[in-house]
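Please look over the structure below.

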Amino acid sequence: MAQASVTPTPLLKDELDIVIPTIRNLDFLEMWRPFFQQYHLIIVQDGDPSKTIKVPDGFDYELYNRNDINRILGPKASCISFKDSACRCFGYMISKKKYIFTIDDDCFVAKDPSGKEINALEQHIKNLLCPSTPFFFNTLYDPYRDGADFVRGYPFSLREGAPTAVSHGLWLNIPDYDAPTQLVKPLERNTRFVDAVMTIPKGTLFPMCGMNLAFNRELIGPAMYFGLMGDGQPIGRYDDMWAGWCMKVICDHLGLGVKTGLPYIWHSKASNPFVNLKKEYKGIYWQEELIPFFQSATLPKDCTSVQKCYIELSKQVKAKLGKVDEYFLKLADAMVTWIEAWDELNPSAAEQPNGAGK
Ligand SMILES: O=c1ccn([C@@H]2O[C@H](COP(=O)(O)OP(=O)(O)O[C@H]3O[C@@H](CO)[C@H](O)[C@H]3O)[C@@H](O)[C@H]2O)c(=O)[nH]1
Ligand SMILES: [Mn+2]
């Protein structure tokens with residue numbers, strides 16, 4: 001008898017939200033339909049709330065514009081950026097799911113060297129569902145992938161690995177370069193597909209890009225604040241960088257893992273490098289002081305939850321970065337407001353030890 005074809009239920013179908021920050025119609029979803037249609041979308045509409053964002057039929061979504069954010073958060077909405085992709089972190093806060101995948105609306109389905117379309121979401125889920133190796137580097141990269149393992153000399157006491165909090169994907173075509181690099185190399189395209197996933201070692205920071213990113217919201221969600229960027233702020237395009245530095249310090253403290261590498265997406269649009277330069281330039285010199293701050297940041301043992309870690313970090317930001325620029329005094333306060341808003345919207349998960357969910 002012919003077997004009825006059964007469509008497998010996508011992994012984490014009811015445990016993952018896809019968060020998209022946008023200022024434009026979401027036609028890009030058509031290309032992602034085979035991979036995204038079964039998942040719930042959280043669309044964070046930036047800019048003019050009176051503009052209508054068109055979403056292709058057949059997708060299950062909730063959409064929040066600035067009016068919604070102000071209505072839901074009240075005065076605490078001040079911590080959510082306006083006119084910058086940083087607004088996406090509101091989607092992380094309002095979600096009720098265990099996992100988040102966030103993607104920009106100029107990111108499309110890439111193909112691997114064999115020409116097969118890459119299901120980026122599926123790869124992120126694989127990355128998040130298997131452990132990380134932050135305490136000892138495995139030279140054959142991800143030991144949990146099919147066809148790989150721990151190499152000789154890898155301590156057996158460390159082979160259980162650590163829970164994975166973040167999966168950082170990459171980009172073919174337009175790489176995520178800063179404005180000066182973009183200006184010097186306007187035609188450079190990333191054509192190099194590297195078939196690897198690796199854990200970023202404990203004690204090492206990295207430049208986290210928000211355009212193709214997934215994370216375990218119950219393990220690290222409260223640390224994924226994308227800061228004060230865009231309208232009314234002296235800096236932009238450092239939203240994901242700030243979140244990545246805070247997140248990594250907290251992951252290292254709590255013994256959580258962060259992976260980078262597969263999956264790739266196809267990044268189709270180079271934003272204007274001159275506009276980007278205006279947004280980024282303060283960040284380009286501030287980061288020479290920010291990185292040493294994060295590299296030397298330590299959190300006390302009694303910081304056993306992400307919220308406690310984040311509040312402690314905000315105190316250190318206020319104490320040590322205010323001398324860099326008074327912006328960081330404002331940012332430190334916004335970090336506290338973010339946690340207050342997060343706990344208000346997520347009372348059951350508030351103050352879980354080690355960031356664990358309910
Ligand atoms: O004011 C805005 C501008 C854009 N968006 C949405 O955010 C993403 C990213 O926008 P875009 O692709 O135009 O800009 P990029 O320079 O390529 O973005 C990279 O820079 C990072 C820092 O911001 C960002 O995370 C990277 O992807 C799109 O979905 C826009 O619709 C917005 O919400 N508000
Ligand atoms: Mn882009």
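Helix 7 (residues 239-254) packs against helix 9 (residues 306-321) at an angle of about 125 degrees, and their axes lie 10 Å apart. Because of that angle, helix 7 counts as oblique to helix 9. The crossing of helix 7 with helix 9 is right-handed. On the helix 7 side, the contact uses Cys-246, Val-249, Ile-250, His-253 and Leu-254; on the helix 9 side, Val-306, Cys-309, Tyr-310 and Leu-313. By class, the contact of helix 7 with helix 9 has eight nonpolar residues, one polar and no charged.

This is a predicted model: local features need pLDDT of at least 70, side-chain atom pairs count only at pLDDT 80 or more, and totals for chains, interfaces and linings use all residues. Residues are numbered from 1 along each chain as its sequence is written, while chains are lettered from A and ligands numbered from 1 in the order in which they are written.

Some terms need cut-offs. Helices (H or I, at least four residues) and strands (E, at least two) are DSSP runs, numbered from the N terminus. Axes are lines fitted to C-alpha atoms, for helices over the stretch in contact, and angles run from 0 to 180 degrees between N-to-C directions. Angles under 35 degrees are roughly parallel, over 145 roughly antiparallel, 65 to 115 roughly perpendicular, and the rest oblique. A crossing is left-handed if the near helix is turned anticlockwise from the far one by less than a right angle, and right-handed if clockwise. Residues are in contact if their C-beta atoms, placed from the backbone, lie within 7 Å. Ala, Val, Leu, Ile, Met, Phe, Trp, Tyr, Cys and Pro count as nonpolar; Asp, Glu, Lys and Arg as charged; the others, Gly among them, as polar.

Helix 9 also packs against helix 10 (residues 327-345), at an angle of about 165 degrees and with the axes 8 Å apart. That angle is why helix 9 is roughly antiparallel to helix 10. Helix 9 passes helix 10 in a left-handed crossing. From helix 9, the contact includes Gln-307, Tyr-310 and Ile-311; from helix 10, Phe-328, Leu-329 and Leu-331 are among the residues. The contact of helix 9 with helix 10 divides into 11 nonpolar, two polar and two charged residues.

Now the backbone. Most residues other than glycine have a negative phi, and most peptide bonds are trans. Which peptide bond is cis here? The bond from Leu-262 to Pro-263 is cis, with omega near 5 degrees. Pro-263 sits in strand 9 (residues 257-267).

Asn-173 belongs to strand 6. Arg-237 lies in the loop between helix 6 (217-220) and helix 7.

Is Arg-237 buried or exposed? Arg-237 counts as buried because 23 C-beta neighbours lie inside 10 Å. A residue is buried with 20 or more other C-beta atoms within 10 Å of its own, exposed with 12 or fewer, and partly exposed in between; C-beta atoms are placed from the backbone. Asn-173 has 17 other C-beta atoms within 10 Å, so Asn-173 is partly exposed.

Two other buried residues have listed contacts. Ala-110 lies in the loop between strand 5 (107-109) and helix 4. With 21 C-beta neighbours inside 10 Å, Ala-110 is buried. Not counting residues up to four places away in sequence, Ala-110 touches Ile-118, Leu-172, Tyr-264, Ile-265 and Trp-266. Leu-121 lies in helix 4. Leu-121 has 25 other C-beta atoms within 10 Å, so Leu-121 is buried.

The table lists C-alpha separations.

| Pair | Apart along the chain | C-alpha separation |
|---|---|---|
| Thr-181 and Val-166 | 15 residues | 26 Å |
| Thr-204 and Ser-50 | 154 residues | 43 Å |
| Ala-110 and Met-208 | 98 residues | 20 Å |
| Leu-121 and Gly-244 | 123 residues | 20 Å |

Thr-181 is in helix 5 (residues 179-184). Thr-204 is in the loop between strand 7 (197-199) and strand 8 (212-216).
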